[in-house]
Amino acid sequence: MSLAVEPQGVGQVNEEVIDLRKYFSVINRAKWRILLLAMLVSALTVFIVLNLKPVFSSRATLLIEAQQAKAVKIEEVYGMNSAQQEYYLTQFEILKSRSIAETVIERLQLGKHSDFIAETSLMTELKKQLPFLPDDAADLLSEEDKAARIKEKLVEKFVAKLSIDPVRKTQLVNITFESHDAKLAAAVANAVGDAYIESQLEAKMGITQKANAWLGGRLGELRLRLDESELALQQFRVREGLIDVAGVRSLGSQELERLGVEITQSRAKKAQVDGFIRVISQYGTDKIDRLESLPEITAHPGVQNVKKEVISAERKVSELSKIYGPKHPKLLAAKSELTTVQDNLRDQIRKLISGIENEAQTASENLQSLETEMARAKVQYQDLSGKETEYQRLQREVETNRQLFDTFMARQKETEVAGDFNSAIARFTDRAMPATEPMKPKRKLIVILAFIAALGFGVIVAFVMESLNDTIKTTNDVEQVLQQRALGVVPKVPGKMALKDINTMFFNAEQRQFSESIRSIRTSISLLALDKPLQIIEVTSSIPEEGKSTVSSNIAFAFGQLEKILLIDADMRKPTIAKRFALPAFQPGLANYLSETESLDECIVHDEATGIDILTAGTIPLNPLELLSHPRFEALLVELKSRYQKIVIDTPPVHAVSDALVISRFADAVLMVVKADQTRSGLIQHSLSKLVHAHAKVFGVVLNDLDLKKAEKYYGSYGYYQYYAEKSESS
């Protein structure tokens, strides 16, 4: 199964394929190791959890009151606003405070309990056994400092076991304590709640007492200030002769108002008189007839009365003149009366004018007098205003001091009453009870989780090891990683066998699978050489111990069944062919021939058991590379090609020495032997690169020592060897 993601671009299609089979195969290959790891971890976990001491947890529930019961309302004294959210957060922190912890530790004597007794450290035990060890810094502390440090550690351990959890959207808070002793856990949870309630009551009483003492002290000061302010006010009244400042100020205001009215009237009257005098001054006092016609004169009551008499006298004269003659005594008497009345009118007018002049003088004097009085009244009023301001200031100070004194007096009385009323800030809704079952460890869950974690860890390790393992494990790796043909595989030899048995395994009827794999390699080589000559086949590897000699021998056996074959051991540094075919160590070979110490026929040996000819390495020379580079080696190959149809040359590893690179110039095909799941791909690629630069005709790679059962777990493509081997045996 695979997932293909194909993002299409312009003119090209990029294809990413996630091969899930590869991942499953990694897990499948390592499944027994992963399972073994999980079982070992689980067994270890079981051993550990069985030795863990059970931990019990007990929980007590407190209700923290939002509104406390009070004898009187004195929130101002305590400075408490329980409606705020911060109030509850503060109470939770108080429950977790160091003071509560120390109170509970001392009350329950937790320092002597096994849960809190500090374990002896390894260093302390070593110092007992080895007194020459240097002293720890803690040992140099004084007894007081040591006790403080022990107490600090005790509190830290206590707080670590304690948890305070508020219940959401309620006034409840859960107090939970964990301990190996179920009874101790319940006792501590209850003790924390009790200590919290007691501490709040003590704090409240302390605040009340402090507030009462402070208020008492302040009352004395306020009483003195009140007495001083009242005395200052009284002295001011006596000094200034004040009885009723408001009444005096009202009288002054009325006096100013009256004087203002009188001055206005006086000024109006004076203006009127002054106008009349100005008119009189224009006509003169001798022109009585003209003055008589003035409205100011005619409007005077005295003038009007005299004028009535004048009119009456004139009417009488007029009437008598019609009756009597000019000399008649009645007419003369009437005329005399008229003259007297007219003279009286003139006298009245003169007196009026004289009176008006006197009136003008009097009006001016009155106006001046009123203005003087107004100025004096203003000065007195302003002086009175200043006194009133000072009076009001002193009176305000008296009132303020009296109000403060009364307020503090009332608060002191409230605190005295509240001091005897100790209402709890919190109460238990549920007290903690000893638990019957441990809270932890949850042994089954721990073991299950450990097993699952070990499985996951094993899978991760398998993938990591797979990613770090860059060896060639399958023929697919040969083609994808090395970019070479996979000519075939050589199965891993089961068990331990003697070198002679391994060398003749190709002819063993019980090892059909091995024989078929070698024949498949022979077929692959032959098919690649259908259109080109193939006589010299070079077999090499990257490093030693990859099985190139085994592959060389068996390829020679396979071709030997069809053609005349010569197997040459060109590894003159560490030869193995002679030992494989049980030939003596002194058997002359390639080195002897190239050194011209032996003839070619003396060096070639025919193996009757396998039917092939063998040219061993011979005596190990000091200069193998020089011998292989000599023209005599090339001439040897030319001569051998005339005798044999196939020549298989076993050469040293490419990465170790350059012998294989020299021989590759004469080879028609070079086979690279790779030991499955052993040799790293980078090293093989480097060896192949050397062969390519040496212009070698690399036909492909033979995957040697492949565990077919293990390889089937990769891609499941190697079962056909066993299938055909079994078919051949049955036939």
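Colleague: What should I know before I start?
Modeller: This is a predicted model: local features need pLDDT of at least 70, side-chain atom pairs count only at pLDDT 80 or more, and totals for chains, interfaces and linings use all residues. Residues are numbered from 1 along each chain as its sequence is written, and side-chain values use heavy atoms, with hydrogens and water left out.

Colleague: How many helices and strands does the protein chain have?
Modeller: The protein chain has 27 helices and 14 strands. Both are DSSP runs, numbered from the N terminus: helices are H or I with at least four residues, strands are E with at least two.

Colleague: And what share of the residues is buried?
Modeller: Buried residues are 38% of the 731 in the protein chain. Buried means under 20% relative accessible area, exposed means over 50%, and partly exposed is in between (1.4 Å probe, protein chains only).

Colleague: What about contacts along the chain?
Modeller: Take contacts between residues at least 6 apart in sequence: 79% of them join residues at least 24 apart. Contact means heavy atoms within 4.5 Å.

Colleague: Helix packing next. At what angle do α2 and α14 cross?
Modeller: Roughly 150°, and the axes of α2 (residues 31-50) and α14 (residues 443-468) come within 8 Å. Axes are lines fitted to C-alpha atoms, for helices over the stretch in contact, and angles run from 0 to 180 degrees between N-to-C directions. The two helices are therefore roughly antiparallel. The cut-offs are under 35 degrees for roughly parallel, over 145 for roughly antiparallel, 65 to 115 for roughly perpendicular, and oblique for the rest.

Colleague: Is the crossing left-handed or right-handed?
Modeller: α2 passes α14 in a right-handed crossing. Right-handed means the near helix is turned clockwise from the far one by less than a right angle; anticlockwise is left-handed.

Colleague: Which residues make that contact?
Modeller: On α2 they include I34, L35, A38 and V41. On α14 they include R443, I446, F451 and F457. By class, the contact has 18 nonpolar, three polar and one charged residues. Ala, Val, Leu, Ile, Met, Phe, Trp, Tyr, Cys and Pro count as nonpolar, Asp, Glu, Lys and Arg as charged, and the others, Gly among them, as polar.

Colleague: How do α5 and α7 pack?
Modeller: Helix α5 (residues 98-108) packs on α7 at an angle of about 100°, with the axes 10 Å apart. That makes α5 roughly perpendicular to α7. The contact uses R98, A101, E102, V104 and I105 of α5, and residues of α7 including K151, E152 and F158.

Colleague: Switching topic. Where is A186?
Modeller: A186 is in helix α8 (residues 182-240). At 4% relative accessibility, A186 is buried. The C-alpha atoms of A186 and S58 are separated by 5.0 Å, though the two are 128 residues apart along the chain.

Colleague: Last one. What is the phi of K169?
Modeller: K169 has a positive phi of about 60°, although it is not a glycine. Most residues other than glycine have a negative phi. K169 sits in the loop between β4 (162-166) and β5, and it is exposed at 79%. D705 also has a positive phi of about 60° and is not a glycine; D705 lies in strand β14 (residues 698-706).
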